[in-house]
Amino acid sequence: MTGGSPEVQVRLFGPVQVTVGGTPVALNGTRLRTLVAVLAVSAGESVSIETLADRVWGENLPEQIRQSLHAMVFRLRKAIGADVLETVGTSYRLTVPAAGIDVLRFENGLRDAEDANAITAALSAWTERPFVGTDSDWLTGTVLPGLEELRLGAIERSADLLGPRPSTELIAELRRLTADHPLRESLWIRLLRALVHTGRSAEALGLYDVIRSRLADELGIGPGPELQSLHTDLLATDTVLHVTSDAQEPERNEVQIPRSLPAAVPDFLGRERELEILSAADGPLLAAIDGMAGAGKTALALRVAHRLADRYPDGQVFIDLHGYSEDAHPVTAEDALGRLLLAFGVPQRRIPQELEDRSGLLRSLLAQRRVLIVLDNAATEAQVRPLLPGMPGNGVIVTSRLRLTGLDPTATVSVGTLPPATAVELFTRIAGGSASDSPPAVLEAIAEQCGHLPLALRISAARLRTHRSWRPEDLLDRLQHHERLAELTSGPRSVAAALDLSYRELDDDLRRTYRLLGLHPGAEFRTWSAAPLLDLDLATTTSVLERLLDVHLLEEPVPGWYRFHDLVKQHAVRAAAESPDERRTATTRIIEHYCQSAAEASPLHAPDHNLATHGLPTILRTAESARDWLDNELPTALLIPSLAVDRPDCILHLSTSLYWCLRDLGQYDVKAELQQRALTVVRATGDVAAEVDILNRLGEVYRLGGAYRDAHDVFGRARATARTAGYRLGELRAIEGIGNAHGLQDHREAALAELGCALGIAEEIGDEYAQLDLLNSIGWMHARCGDNSLSLEYREQALAIARRVRPRSIGKILAAIGHIQLQCGDPDRALDYYERGLAHAQSTGNRHNELRVLDGLAHVHLELRQLEQATRCRERTMVLARELGSRNWEFEANQGFGRLRLALEEPVEALAAHQRALELATALQQPVDQARAHDGLGDALAALGRLEEARRRWQHALSILQAVGAQTTEELDTSIPRLLSKLAGADVSKPQPSPGPTRVPTK
């Protein structure tokens, strides 16, 4: 450095830091900090590029080593000055003097120190572990061990120099270091000598047992000669002290045999698997039992302890550590050790003061004995670890609400709720009396209201037993219609109090997490939806969820999904109510999160309807994430409107976005409820156009769900409202809906009249998008009437408009024209149109249109008896439907497979396909499609010779169509006339596909 350059200081203890003229320099990036540390420990020396690369990157070398290193050097020079980092040939040299680098000052200071004070002064430079924020195997594997050895050697030298005058600070430092380096005998020797010099020989003896046990357990060796010699001196000192005290205190028995296990719970039920796991261990036993509050952990521990008592003839001890107790603080490890030592006959005066000394004495005392210790209600692993005996002949059972994996238990069980039948049996056995004669449904409902939690079941049963005038039905009524947590209290026992204890033991951040998660509307949730509620990033959210999981305030039924036990959920909701401002802002976040994500997901099902978002950062960045949202988050999104009662904008937004999300998923009752809720909101705003739009969506829901009467009523109201308000587009859509409903009911003339009227309005207002939809619908209706020339004319008009305003629809229209050619008896020409339609759908990425075309292509190949190609189309349709999450098209794929398999004379496979189609149509709440599936099942059964079953299926299909008022369906073979013909005894012994097209595509 030149004389005028600012002073450069490098700090390597703790986070790596560089200051220039007293101002910190930004060192952004782990590799840059690593480079600084590597150069600093070699300051004044030239370090070659190859050596630097090895020390900075290790085995993870970049492809361009020199370029990467040059880039970092350039950044470093820019920050600290070019003269501070010199280039020497193919090497680099940091020119900062040793006095400016804390690690070098530390090393030089210790090498120059000649007395204890100088050593202490030099050691003060070690403020934190060095090289924080770096990533170098060389630093951590070579440099750091050398520094640590230098430090430990200096502390030992200081202890030797102080001799019989050790300071309190030195003893405390030696204790910390022996904990960090438990197998370094030289540190233990200095600590024991320091204790002896301060008159604490008993503690020194206890610590000798600690190091002896550790050396034996971990290395399989005994103490070295110097440590053994020191032990001999300690024993001689202790003997003198013991003889001196004999005159003051009579001799006690060397060891007592305690039997302090409480009685086992007499009405213990279930837990057979857990009992087997905990009782099966042949070797050393360290059993950890964890579970939520009230799950019966103590009862299980005592049942196991009594079962195993004979294996431990030298005593069985029970200690309540009060980790979660209303009227007591957690027992410290020191106090617990004192109680254990007293229980085994150690006089109070002989119990050391320090924790490690007590722990060592207990291990020495139990080394040759077989003792069982039950540590109930532990708060932390740190509370338990010093209480563990060192030898394998002893057994320990620990219970806690916390998962104690850090103890390395030999057997671990997590205690959950009871199976329903066991829960009912436990309740009935405790309640007695009228409970044994109650209807099973009542008892099952009580057990469910108790969440199948043993504590809640015992409390409820005790209340029923003490209220002699109550019947089980009265108890059930109180649990169902009163605040459940308030009802689950009996004397000092309370589910709410037990959960309060768990809640109070959480830190502030975790209590906030618990409260806010209680506001989540879903029964289960993922990190993805918990993060906005908590206002945390995904990594932090995962961390806090795992912490709640560890203390059993959350459950993880399947990987990545979390949920509350229903009683814990109530407690969390109650806790959230105590912070109304926090609750309000969190609820706003989750509402807006789902509004935004629903708007982003809806284009998957409605690519022509891009909805406004809520101005949040993009949530669903890929089509895959949007499909995942539809598969997993949609059920929760449907609950959001109930949270948004004071957010009419969100309800209206969701009524649109969720309508499109649900388009192919059925659930018509859910969709109808959503639109009804939006209708109530919009009427309060006086927005007539929005009211008409919602009415039209509601009518469409009823139409697609086969509720044609409701559809006509709602569309009629929409038309009248729109006409009065002069809202022509809304009127048009209402009339279109009426026409389409008539079409599905096979009211052909009425359908064509209404659709024609709507087309006239579309032309009048110049709305080509509406014209396109209506031309398609009219073409579809003419095809149903058998007028193929008119149908073709309308489809071609639609095609011309699509090319201008909606190119995505071209593939769909080409497929429709192909269908007309098929109806006209020209399957080859139909095939050409379908293939053109498929190519267009694939080139534009319109996967829904690809589905439609593949469905039609399968029909064409079937007509041409190209069965292999038809099968491939069906298989592709099935795969694509599942990829898109379209259960509607999955239904069509299964229904089509059934028809194809029957044509291939494979009725068993056809039966299975139609059965799956029926399951989907039922889940989708689509009665007309259910009728189609029943008809397909009837045909397959008839082909198998099971005519009575076939007739029942046809009759079911007929009843459905008559109930909804539909003469025909999209499959021409499934119509009231054809079904009547089959039932009348026409030749149904072996149904064949009809010579013409079997389906009119509408979806």
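1. Let's start with helix α6 (residues 137-162) and helix α8 (residues 185-197), whose axes come within 10 Å and cross at roughly 30°. A word on terms: helices (H or I, at least four residues) and strands (E, at least two) are DSSP runs, numbered from the N terminus. Axes are lines fitted to C-alpha atoms, for helices over the stretch in contact, and angles run from 0 to 180 degrees between N-to-C directions. α6 and α8 are therefore roughly parallel to each other; angles under 35 degrees get that label, those over 145 are roughly antiparallel, 65 to 115 is roughly perpendicular, and the rest are oblique. The crossing of α6 past α8 is left-handed, a word used if the near helix is turned anticlockwise from the far one by less than a right angle, with right-handed if clockwise.

2. Who makes that contact? On the α6 side there are L152, E156, A159 and D160, and on the α8 side S186, L187 and R190. Contact here means heavy atoms within 4.5 Å. Sorted by class, the contact of α6 with α8 has three nonpolar, one polar and three charged residues. For the sorting, Ala, Val, Leu, Ile, Met, Phe, Trp, Tyr, Cys and Pro count as nonpolar, Asp, Glu, Lys and Arg as charged, and the others, Gly among them, as polar.

3. Before you go on, keep in mind that this is a predicted model, where local features need pLDDT of at least 70, side-chain atom pairs count only at pLDDT 80 or more, and totals for chains, interfaces and linings use all residues. Residues are numbered from 1 along each chain as its sequence is written, and side-chain values use heavy atoms, with hydrogens and water left out.

4. Now look at another pair, helix α42 (residues 887-903) and helix α44 (residues 927-943): their axes come within 10 Å and cross at roughly 20°. So α42 and α44 are also roughly parallel to each other, and α42 passes α44 in a left-handed crossing. From α42 the contact uses N888, F891, E892, Q895, R899 and L902, while α44 brings D929, R932, A933, D935, G936, D939, A940 and A943. Their classes come out as five nonpolar, three polar and six charged.

5. Helix α22 (residues 508-517) is mostly covered, with seven of its 10 residues buried. Buried means under 20% relative accessible area, exposed over 50%, and partly exposed in between (1.4 Å probe, protein chains only). Which residues of α22 are buried? They are L510, R511, T513, Y514, R515, L516 and L517. The cover over them includes α21 (495-504), α23 (527-534), α24 (538-550), α25 (566-577) and α26 (580-601).

6. Take α23 from that list: the axes of α22 and α23 come within 10 Å and cross at roughly 110°. That makes α22 roughly perpendicular to α23. R512, T513, L516 and L517 of α22 meet A530, L533 and L534 of α23. By class, this contact of α22 with α23 has five nonpolar residues, one polar and one charged.

7. Two buried residues are worth a click. L278 sits in helix α11 (residues 272-279) and counts as buried because its relative accessibility is 1%. Leaving aside neighbours within four places in sequence, L278 is in contact with L285, A287, I289, L300, V304, L308, A411 and V413. I640, in helix α29 (residues 640-643), is buried at 0% relative accessibility. Not counting residues up to four places away in sequence, I640 touches P521, I590, I591, Y594 and L654. I640 and L654 are 14 residues apart along the chain, and their C-alpha atoms are separated by 8.5 Å.

8. Next, the backbone. Most residues other than glycine have a negative phi. D535, in the loop between α23 and α24, has a positive phi near 60° without being a glycine. R865, in the loop between α40 (847-863) and α41 (867-884), also isn't a glycine, and its phi is positive at about 60°. Are they exposed or partly exposed? D535 counts as exposed at 53% relative accessibility, and R865 as partly exposed at 47%.
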